[in-house]
Every structure is written in structure tokens, then in C-alpha cells.
Amino acid sequence: MKNRLVVIGLFGLSALTIAAQSVDVTGPDGKLKVNVSCESGKVSYTISYEDKQMLETSPLGMNTNIGDFSKELKLVKHETSEIDRIYAQTRIKTSSVHYRANELVCHFINVDDKPMQVTFRVSDNDVAFRYTLPKSGEAGSVRVLSEATGFRFPDVTTTFLCPQSDAMIGWKRTKPSYEEEYKADAPMSDRSQYGHGYTFPCLFKVGEYGWALVSETGVDSRYCASHLSDSDNGLYTIAFPMPEENNGNGTVEPAFALPGSTPWRTITVGNTLKPIVETTVPWDVVEPRYKSEQNYRMGRGTWSWILWQDNSINYADQVKYVDLAAAMGYEYVLVDNFWDKNIGCERMEELVAYARQKGVGFILWYSSSGYWNDIEQSPLNHMDNSIIRKREMRWLQKIGVKGIKVDFFGGDKQETMRLYEEILSDADDHGLMVIFHGCTLPRGWERMYPNYVGSEAVLASENLIFQQHFCDNEAFNACLHPFIRNAVGCMEFGGTFLNKRLNRGNDGGTIRRTTDVFQLATSVLFQNPIQNFALAPNNLTDAPEVCMDFMKQVPTTWDETRFIDGYPGKYIVLARRHGTTWYVAAINAMKDPLELEVDLPMLAGQTVSLYVDGKKLEPLLKEQPIKADGKLKLTVQPLGGNVLVK
Ligand code: CA
């Protein structure tokens, strides 16, 4: 590791004269370099990769109610150390992570001699940094009024961003919920759709130099979730939630006890997209918030609501979906809104018992609200209040329910982050896994909370039912997620349709544009440790057997993930390993067939099962030998897919 402390140009002797100071830290292989400098009292940083500047001089610091740490700062000392650790995970893109990084801690004091530290952790392709405020003097807590934290990209940069919504708009005033549409390859000068900037993660293409993915992790009850502002000449800054979020309840200014730290802000950098797709930085720099005594089981589920909608939340239809789950060998069935009214708690006990003897566990839906939207879907007012929540969870545990899906949260304020954490913590006490919908981006939560098993925070499969527009754009969106949303956190998309028409009878509603093999490919491409697939009972007889057989054996947990090829919004080829079996999934969102030569060294010289679109785009299963050098030519049809299994 290189690092240096340079003190230059100390002119004059007044207390306010502050020297320019500069420190470098690099990743273990020396290619990724962060420079931190303090000039005229202002702290900034830059990032380069292989000497190419990926991030220009970008501000650091924050203003708080116990002192301003955004100006008149002095670097008093710095320390470096090496981090080398291995950790295991069952719910992310890989099961074992070897995290190696160099850590730099810069100690600053402000004009009143109050301390602030900035900690950087730099691995081969990831930079993570956060602020720490030590306890000094009387103050036992701090309120953060604003952050100066920014990311300044070079002029050549183009963007792949998702706008932050206005608050208290949309369906039953439930936004923001990270369900907006991305723009790909857009110039930095574009304004965000609502004028509130962009939700994490944010992908940037730095001209010919490469790629950068900006996000944050380690957000819990001790801070708000942040997003990026609109660009001011290439500078994006950390923005706090809007006052209107959560129905105006709760502050936008986060507060924490001293000593304490902010969440980590992360930048993943590479000259290709490989480090972006494969990054583990959201989990590398966080720690479990509690230990669980439970042994949670990941797996697949069915859910009636996605195709059969509200009318299917009745006893008879739920039996059909339990039977479908059993026929598929799936572990779970998810029952969506109104089960309390339409089935009732007593009959739900019977249903859970029926499913249990078929080897199927239950996940039950709840609204998170509360007082922050107009949701009428019930059960309501169970999850926002600790007295009712714990009573409900005791009942769920007693009747043998395995998990809950909690929907329609109020936004990104610290108030809401506290609710997520309380639900997770109480649920773990009752052996319940938790899926969030209508929610924020998970920020390291797979590692922080042992019973956390998924978040929506994406325009998920329901939109394919709601509007033809989303069916028409399905392939484009699917080709974004592995590079952006799903790169930093599990994504409960609820997809893989084998209905051609997205309604109960498979005879009306929106029209699926993508092929059956495309749908199979998304079951591998989209990562969530519990996948509720959009299969319907009729698919047991009307879907191609080759597809149903694939869906019976596709896993939802992965030991390894490798980026093979792709471009956001155009196509993706991704390999995932489960045990000793490799799944390679490819999809194409472009208008013409895609001819590719891919490199699959892990399958060199082997014969694999290839699922591919036939002449009439029907699914075919073939034996496909792979050459001794691991090279393979693939053709991916427009809105079609390939899946290789070995
Ligand atoms: Ca939703």
C-alpha cells in the first residue's frame, strides 16, 4: 500500500490558515487509488483506476448541530491498516467472500477543535467510506443537518439512473418505493423526472475508461436512507429524504448517539462491467446486527396474486396454489392481501396445516401501515405497532407460518429505517423470515439481518400484468437489473411467467413478448434467496414440459456468480454456480438475433444441457458440447434467451 502525507504551503501563522494536505490509499493490487486532500479547510477525494481518473475532486464532510464538519477542517493524523477476512453468506450472489482491503482513517478537527474521522476501505474494485464522530465534550448525540458528500464524474460520463419519486403520490399515496423507470445511456445534463435526483444504486459509464456504480450500505435504525441529487456540472451529492415522506411524520435529518458513524457510501469501479456485476461491497463492510437461533430455509414459492389477483385470495384457490407448490417440489406458498378477511384466521390455520402435510410452508402478506398512506389492503395496522406486531407474530409462529411479506412502507426517513429493523428483529424472535415490498433498497441487509430474505424496490412482475408497456419493455429492464439494482441487493421480482397471456385464464390481459426460454433465464439472472415464481396451476398442463422440468430444479441460492458478457439494457450473459452445477443464462433485449462467442472456462470440454429458442421460438433442450478452450458460440433471439446447465 502506498500512502503519503504531504504538507505544503503553510503561509502565515494565523489559526485559520490551513495547509493543503493529501493522503493516498490504494487497493491490494494497486490499481484502484483514492486520494484524500484537505485544501483551504475543505476535504475532498478523487478516485482513479489504472491511473485513469474515474472520479474528479469530490467533496466530503457534513454539517451537524454540534459543529460544522464541512469547512475549516484540518487533517491532524491518519492511520492505515490491512483488512483480510473471509465470511459466509447464504442469501447473496456468492456463498463465501474473501474481503481484502486497505483501510485509511483520516482524523480531522474543525475550527472548534471538534473531531471527525473519515474511514476509507479500498479493495481491488470497491471504495467504501463513512464518517465517524467520536464523543468529545458533553454532547452525547448528534443530528446531521446535511452532508457535503459528493461524486463528481468526468464530462464524458453517461448515466443509467432511476429517478426518486415525489412523496405521497401514486397508488394509495405509497411512493416513493423505488418503482420508477430507468433511463439508459443518458447524459449527465439530463434532469431527473421529479427533480429529486436518483435512487441507489446509480450506474455511470466513464467514457472509454470504464464503469462506476455508486450506492450505500449499512443503513439501519441509526440513519436515514439517502439518494443522489441531480447533477450540478457532473457533481452528484448525497440527498436526504423529503419532508413529505411518511405522511410528513419523522424528521429528514438523521440523528445518532456518540460515538457513532454514518452508513457507508460505496463506489465500485472497473474498466469492464465484471466488478460491478460481481461486487460484494454491500456486505463486505457491514456486520450482523443480531445472531439468530433459527435455521431458515431458502427456496421457491408460488403466489396466486400475481396472475389471479385479489379474487384468488380464498380458501379454494389457495389450495390450488399449495398443490402447485407441492407438484413443483417448492418450499413455499405466498398468500397476498385480504387473507384475513377472505379466508380468516381460523381457516388460515387449517390451510397452513394442509400445506404442511404436503411439505409446503406459508408466507403471509401484511401492510406496513399505519399512518403513512391510504392502503385498504389488509391486514392493516399490525406491523407498525410493537404491541400488535408481537402478538400477531406469536400467532404466526404458533400456527407454523414461515415468513411474512410486508408491503407499502413510508419512504426513506430514519423513522422508517427503524420500522424495517424492528419488524426484522421481532420476526426473528418468532422464527419468521421477512420479505419487503413497496419498499426501499436493501442496504447490506442480507448480512445484517439473518431472517431478511428479499425486497422488491424495483418495477417488479406485477407491472407486466398492469400495463402492456411493461411487457413491451420487459427485456430492456431485465437487461438492466444484473448491472444495477440486483448487483447490490437481493431483488424479490416475483417473475418467470409461463402464461402467454397474463391473466387467470391465460386468454386475456397483457401479452408477454418474451420467449419461454427468456423466462427460464430470468429465474437464474434475478437473484433473491426466496423466489416466488409467477407460475399458475394451468401451467402444469399448458406450459411446455421442458420448461416445467427446468423450473422444478432451478435453485435460488448461489455459491458463485460470474459476469460473462453484456451491456446494460441490451443483453446479459451471467453464470451462477449452485454446488457443483453451473447455470449460464443469456437474454437479448435488442431487435436482432445476437451472435456471441462466450468464454466458459469452467465448462471447458464438457457437454451441457442447452435450453434455447427454436425456429418458432418454442423452447428446445439440446445437448451442447463445449470446446476444450471453453469457447462457445451462442445465438440469442430478440426477446429470447439461452440457459446452459451442467
Ligand atoms: Ca410493488
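Predicted model: local features only at pLDDT ≥ 70, side-chain atom pairs only at ≥ 80, totals over all residues.

1. Let me begin with the loop between strand 25 (361–367) and helix 7 (386–399), where Pro 379 is found.

2. Pro 201 has its place in the loop between strand 15 and strand 16 (202–206).

3. Now follow strand 25 back into its sheet neighbours. Strand 24 and strand 25 run parallel and are joined by four bridges, with Val 333 standing opposite Phe 362 of strand 25. Strand 23 (residues 299–303) also runs parallel to strand 24, through three bridges, and there Thr 302 stands opposite Val 333.

4. How do the side chains of strand 24 (residues 332–335) point? Tyr 332 and Leu 334 go one way, while Val 333 and Val 335 go the other, and all of them are buried.

5. Glu 179 and Glu 456 link distant parts of the chain, being 277 residues apart: Glu 179 belongs to the loop between strand 14 (157–161) and strand 15 (183–187), and Glu 456 to the loop between strand 28 (452–455) and helix 10 (462–466). Both Glu 179 and Glu 456 are buried.

6. The loop between strand 14 and strand 15 also holds Arg 173. This residue has a positive phi of about 55° although it is not a glycine, and it is partly exposed, with a relative accessible area of 34%. Asn 506, likewise not a glycine, has a positive phi of about 55°; you will find Asn 506 in the loop between strand 29 (501–502) and strand 30 (510–511).

7. Further along there is an open sheet of six strands, in the order 32-33-34-39-36-37 and with antiparallel pairing. Its edges are strand 32 (560–567) and strand 37 (619–625), each of which pairs on one side only. On average, neighbouring strands of this sheet are turned by 15° against each other, direction ignored. Within it, strand 36 (residues 607–613) and strand 39 (residues 641–645) pair in the antiparallel sense over four bridges, and Ser 609 stands opposite Val 645 of strand 39.

8. Helix 13 (residues 516–525) packs on this sheet, where it touches strand 33 (571–578), strand 34 (581–588), strand 36, strand 37 and strand 39. The direction of helix 13 makes about 125° with that of strand 34.

9. Finally, the helix pair. Helix 13 packs with helix 15 (residues 545–553) at an angle of about 5°, and their axes are 11 Å apart. Because angles under 35 degrees count as roughly parallel, helix 13 is roughly parallel to helix 15. Asp 516, Leu 520, Ser 523 and Val 524 make the contact from helix 13, and Cys 547, Phe 550 and Met 551 make it from helix 15. By class, this contact has five nonpolar residues, one polar and one charged.

How values were computed
Residues numbered from 1 in each chain as written. Heavy atoms only, no water. Helix = DSSP H or I, 4+ residues; strand = E, 2+ residues; numbered from the N terminus. Buried < 20%, exposed > 50% of the residue type's maximum accessible area, 1.4 Å probe, protein only. Pairing = 2+ DSSP bridges. Axes fitted to C-alpha atoms, helices over the stretch in contact; angles between N-to-C directions. Contact = heavy atoms within 4.5 Å. Parallel < 35°, antiparallel > 145°, perpendicular 65-115°, else oblique. Nonpolar A, V, L, I, M, F, W, Y, C, P; charged D, E, K, R; others polar.
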